[in-house]
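Good morning, and thank you for coming. I would ask you to look at the chain on the screen while I speak.

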Amino acid sequence: MSDNSKLSTTVLFNGDCEICSKEICAYQSYGDSEGLPIDFKDINDTDLDPFGLTRDETARQLHVIKNSELFVGVKAFITLWKEMPKYRFLAKIFSLPGAEKIAQFFYYHVIARYLYKRDIKRLKT
């Protein structure tokens, strides 16, 4: 979408992470095909200062900004999925009582931590 003034949702993702890139690419392709007002920004090609964020913190988990409110981790995914009709069922599932907390624990302590450490090791070599 070329008119960024109409965008109300911004997704900040780590394009250096193979898994993140593939998943976000699928969301971006769907969003583009549906004309959804979502702006996808690779943190490696984006000045994060206007968002008040650092590359290190945004590389650890998905960040979504919706109407100037910041969502991180599973809450970011839920916010993104709510914007995409094809994925709204995931937002409903992960918004169930307890589901979000369990998913956030698993996402942050297992998936995101592993991917972040792997990417840091890869960048150092």
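I shall take the overall fold, then the sheet and its covering helix, and finally the salt bridges.

A word on the source: this is a predicted model, in which local features need pLDDT of at least 70 and side-chain atom pairs count only at pLDDT 80 or more, while totals for chains, interfaces and linings use all residues. Residues are numbered from 1 along each chain as its sequence is written, and side-chain values use heavy atoms, with hydrogens and water left out.

Let me begin with the chain as a whole. It contains five helices and four strands, where helices (H or I, at least four residues) and strands (E, at least two) are DSSP runs numbered from the N terminus. Read from the N terminus, the order of elements is β-α-β-α-β-β-α-α-α. Of the 125 residues, 39% count as buried; buried means under 20% relative accessible area, exposed over 50%, and partly exposed in between, with a 1.4 Å probe and protein chains only. The accessible surface comes to about 7500 Å², and carbon and sulfur atoms account for 56% of that surface; these areas come from the Shrake-Rupley method with a 1.4 Å probe, and for residues only the protein chains shown count as cover. Among contacts between residues at least 6 apart in sequence, 65% join residues at least 24 apart, contact meaning heavy atoms within 4.5 Å.

Now to the sheet. In what order do the four strands lie? The order is S2-S1-S3-S4, in an open sheet with mixed pairing; two strands pair if DSSP finds at least two bridges between them. Strand S2 (38-42) and strand S4 (69-72) are the edge strands, each pairing on one side only. On average, neighbouring strands are turned by 20 degrees against each other, direction ignored. Strands S1 (residues 9-13) and S2 run parallel and are joined by five bridges. Within S2, Phe-40 is the bridge partner of Val-11.

Helix H3 (residues 74-82) packs on this sheet, touching S1, S2, strand S3 (63-66) and S4. The direction of H3 makes about 115 degrees with that of S4; axes are lines fitted to C-alpha atoms, for helices over the stretch in contact, and angles run from 0 to 180 degrees between N-to-C directions. Seven of the nine residues of H3 are buried, including Phe-77, Leu-80 and Trp-81.

I turn to the salt bridges. A salt bridge is a side-chain nitrogen of Lys or Arg within 4 Å of a carboxyl oxygen of Asp or Glu, and by this rule there are five. I shall discuss three pairs.

Arg-60 forms a salt bridge with Asp-56, with the closest N and O atoms 3.4 Å apart. Both residues belong to helix H2 (residues 55-60), and being four residues apart they are separated by about one helical turn. Arg-60 is partly exposed at 32% relative accessibility, and Asp-56 is partly exposed at 37%.

The closest N and O atoms of Lys-66 and Glu-83 are 3.2 Å apart in their salt bridge. Lys-66 lies in strand S3 and Glu-83 in the loop between H3 and helix H4 (88-94), so this pair ties together parts 17 residues apart in sequence. Are these two residues buried or exposed? Both Lys-66 and Glu-83 are buried.

Finally, Lys-75 forms a salt bridge with Glu-100, the closest N and O atoms being 3.8 Å apart. This pair links distant parts of the chain, with Lys-75 in helix H3 and Glu-100 in helix H5 (residues 99-124), 25 residues apart. Lys-75 is partly exposed, at 46% relative accessible area, and Glu-100 is partly exposed, at 22%.
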